[in-house]
Amino acid sequence: MDMSKIEKPESSVKKQYDLSGRYIVITGGAGFLGRTFAEAVAEMGGIPLLLDINQTYVDEAVQYLVKKGYKADGFEINITSKENVRSVVKQIAEKYKQVHVLINAAAFAMKNLQEGGAGFFAPFEEYEQDLWQVSIDVNLTGTFLITQEIGKIMKAHKYGVIINVASDVAVISPDHRIYEADARFGYEGVPFNTPIAYPVTKAGILSFTRYLATYWAKDGIRVNSISPAGVYRNQDPKFVEQLVYRIPLGRMAFPEELKGPITFLASDASSFMTGGNLIIDGGRTIW
Ligand SMILES: NC(=O)c1ccc[n+]([C@@H]2O[C@H](COP(=O)([O-])OP(=O)(O)OC[C@H]3O[C@@H](n4cnc5c(N)ncnc54)[C@H](O)[C@@H]3O)[C@@H](O)[C@H]2O)c1
């Protein structure tokens with residue numbers, strides 16, 4: 001092997017983590033964790049380009065970053081529409097030429113599920129096919145469509161980093177008991193649960209990650225995922241008690257605790273990592 005053709009990594013770890021001048025597309029960028037990821041990469045010098053389904057929320061999220069002195073931009077998108085994805089990515093390519101990092105954080109997640117109504121929390125035996133389909137469309141098909149288009153830009157530049165946001169329940173099953181009443185603890189249960197499509201799509205994201213990691217390895221594109229466990233977001237304290245009982249560190253995550261992992265994966269600090277799944281779960285998945 002001709003070693004002279006292999007690019008040596010930057011030796012300073014500070015420089016390895018630096019994201020200066022990198023354009024970083026974040027789907028679900030106006031969402032709860034999307035905003036945290038955007039702030040993290042902006043703090044490291046990157047320029048987040050936020051993509052989300054609602055222009056008002058996109059504008060708010062961009063303004064928040066701009067007010068803090070960071071560069072940022074935003075685009076309204078519905079990642080489930082091939083035409084819409086193509087047209088938005090075309091605008092991004094014309095304006096910025098290169099996309100260095102893609103963070104796939106958009107998902108039909110808990111907030112959407114709760115707003116979607118009780119049907120999303122129906123028992124498995126009664127679960128409506130169209131509600132199952134909604135999660136498949138956003139979490140898998142949407143991720144597929146945007147990655148396809150951004151991947152073309154990355155391939156042309158022979159450089160790219162993709163981070164897919166999975167979940168602890170991509171690795172383990174949800175523990176259904178945390179939602180159910182339990183008289184022993186005076187726990188009345190909660191009116192929601194983790195519907196089957198969520199962990200199934202998130203497990204699919206791990207396979208999507210591994211497939212593209214090997215497929216694009218020769219093109220300079222690295223593909224990894226992160227699997228966070230539950231993040232604090234004003235959940236019912238009784239529910240939190242049930243959940244944290246299952247987490248060795250005895251608590252949920254603070255959103256800030258995902259800033260380090262996302263920066264590590266987005267930057268050249270993780271230059272020898274591809275196809276991996278970084279689990280950030282306080283130990284939730286180890287017992
Ligand atoms: N919050 C947690 O505890 C947690 C834990 C593990 C994994 N995750 C994952 O992290 C990611 C972000 O979750 P979150 O908690 O910030 O949820 P969130 O609902 O706040 O953010 C998701 C964002 O995706 C956007 N979105 C949904 N459908 C879309 C579409 N068709 N086109 C474009 N955008 C669309 C939503 O508008 C929203 O802003 C998700 O992939 C979620 O599954 C979250």
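Helix α2 (residues 32-43) and helix α9 (residues 259-266) cross at roughly 60°, with axes that come within 9 Å. The model is predicted.

**Helices α2 and α9**
- At roughly 60°, α2 and α9 are therefore oblique to each other.
- The crossing of α2 past α9 is right-handed.
- From α2, the contact draws on Thr 36, Phe 37, Glu 39, Ala 40 and Glu 43.
- These residues meet Lys 259, Ile 262 and Thr 263 of α9.
- By class, this contact holds 3 nonpolar, 2 polar and 3 charged residues.

**Helices α6 and α7**
- Helix α6 passes α7 in a right-handed crossing.
- On the α6 side, the contact includes Trp 132, Ile 136, Leu 140 and Phe 144.
- On the α7 side, it includes Tyr 198, Lys 202, Ile 205 and Phe 208.
- By class, the contact of α6 with α7 has 11 nonpolar, 6 polar and 2 charged residues.

**Around the ligand**
- Asp 52 places a polar side-chain atom 2.6 Å from a ligand oxygen atom.
- An N or O atom in the side chain of Asn 78 is 2.9 Å from a ligand nitrogen atom.
- Gly 31 has a backbone N or O atom 3.4 Å from an oxygen atom of the ligand.

Definitions and conventions. Residues are numbered from 1 along each chain as its sequence is written. This is a predicted model: local features need pLDDT of at least 70, side-chain atom pairs count only at pLDDT 80 or more; totals for chains, interfaces and linings use all residues. Side-chain values use heavy atoms; hydrogens and water are left out. Axes are lines fitted to C-alpha atoms, for helices over the stretch in contact, and angles run from 0 to 180 degrees between N-to-C directions. Helices (H or I, at least four residues) and strands (E, at least two) are DSSP runs, numbered from the N terminus. Angles under 35 degrees count as roughly parallel, over 145 as roughly antiparallel, 65 to 115 as roughly perpendicular and the rest as oblique. A crossing is left-handed if the near helix is turned anticlockwise from the far one by less than a right angle, and right-handed if clockwise. Contact means heavy atoms within 4.5 Å. Ala, Val, Leu, Ile, Met, Phe, Trp, Tyr, Cys and Pro count as nonpolar, Asp, Glu, Lys and Arg as charged, and the others, Gly among them, as polar. A polar contact is a pair of N or O atoms within 3.5 Å; within protein, one must be able to donate a hydrogen and the other to accept it, and residues adjacent in sequence count only if both atoms are side-chain atoms.
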